[in-house]
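Please read them alongside the coordinates.

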Amino acid sequence: MGDFSFGDALVIDEGHAIPRSELVVRASRSGGAGGQHVNTSSTRIELLWNPRQTAAFSEIEQARLIRVLAKRMDGEGWVRIVSSESRSQRMNRDAAEERLVEMVRKALIVPKRRKATKPSKRAMARRVEAKKRRSSKKVERRRKDWE
């Protein structure tokens with residue numbers, strides 16, 4: 001696993017970390033195979049974080065997070081991540097935290113603006129020449145007397 005947390009915060013990158021105090025963690029019984037053990041242990045982890053109430057990001061970054069993560073948020077603004085891959089509560093919590101970190105990291109990336117370009121004179125000349133060749137080929141097909 002990556003080094004995504006230290007102290008009392010989840011590290012996103014050099015300048016950003018989400019304090020664990022902003023996270024709500026719930027444990028519940030995990031479904032699926034596991035025999036009798038699965039009926040007694042709460043290993044499924046549900047991690048909740050609200051980007052609208054965070055103090056870890058600037059207003060611009062917060063607005064970007066809210067816009068990008070909008071589809072993952074419930075009506076009150078909580079992002080919910082569930083992990084039940086492992087039979088260990090600790091491993092499921094680590095996996096959920098890692099997924100949150102990765103999600104926030106990707107959401108903070110600002111895509112580069114596309115620079116409008118125009119074709120070179122040589123490229124335009126080649127295109128026109130190719131059109132003329134295609135056109136003359138079709139004209140020749142029409143002129144031939146096939147009978």
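1. Start with the helix pair. The axes of helix α2 (residues 59–68) and helix α3 (residues 89–108) come within 9 Å and cross at roughly 110°. Axes here are lines fitted to C-alpha atoms, for helices over the stretch in contact, and angles run from 0 to 180 degrees between N-to-C directions. α2 and α3 are therefore roughly perpendicular to each other; that class covers 65 to 115 degrees, with under 35 roughly parallel, over 145 roughly antiparallel and the rest oblique.

2. Which residues make this contact? On the α2 side they are E61, R64, L65 and V68, and on the α3 side V104, A107 and L108. Contact means heavy atoms within 4.5 Å. Five of the contact residues are nonpolar, none is polar and two are charged. Nonpolar covers Ala, Val, Leu, Ile, Met, Phe, Trp, Tyr, Cys and Pro; charged covers Asp, Glu, Lys and Arg; the others, Gly among them, count as polar.

3. A note on provenance. This is a predicted model, in which local features need pLDDT of at least 70 and side-chain atom pairs count only at pLDDT 80 or more, while totals for chains, interfaces and linings use all residues. Residues are numbered from 1 along each chain as its sequence is written, and side-chain values use heavy atoms, with hydrogens and water left out.

4. R67 also sits in α2. Is R67 buried or exposed? R67 is exposed, at a relative accessible area of 55%. The cut-offs are under 20% for buried and over 50% for exposed, with partly exposed in between (1.4 Å probe, protein chains only). The C-alpha atoms of R67 and A107 are 8.9 Å apart, and the two residues are separated by 40 residues along the chain.

5. Now the overall layout. The chain has four helices and six strands, in the order β-β-β-β-α-β-α-β-α-α from the N terminus. Helices (H or I, at least four residues) and strands (E, at least two) are DSSP runs, numbered from the N terminus. Of the 147 residues, 31% count as buried. Among contacts between residues at least 6 apart in sequence, 58% join residues at least 24 apart.

6. The three-stranded sheet is open, with the order β4-β5-β6 and antiparallel pairing. Its edge strands are β4 (23–28) and β6, each pairing on one side only. Neighbouring strands are turned by 20° against each other on average, direction ignored. Strand β5 (residues 44–49) pairs with β6 over five bridges; pairing requires at least two DSSP bridges between the strands. R80 in β6 is the bridge partner of L48.

7. S83 deserves a look. It is found in strand β6 (residues 79–83). S83 is buried, with a relative accessible area of 0%. Its side chain makes a polar contact of 2.8 Å with the side chain of E85. A polar contact is a pair of N or O atoms within 3.5 Å; within protein, one must be able to donate a hydrogen and the other to accept it, and residues adjacent in sequence count only if both atoms are side-chain atoms. A polar atom of the S83 side chain also lies 3.3 Å from the backbone oxygen of N92. Beyond four places in sequence, S83 touches T43, R44, I45, N92, A95, A96 and R99.

8. Last, the hairpin. It joins β2 to β3 through two residues. Strand β2 (residues 9–13) and β3 run antiparallel, joined by four bridges. A9 has P19 of β3 as its bridge partner. In strand β3 (residues 16–19), H16 and I18 form the covered face, and A17 and P19 the uncovered one.
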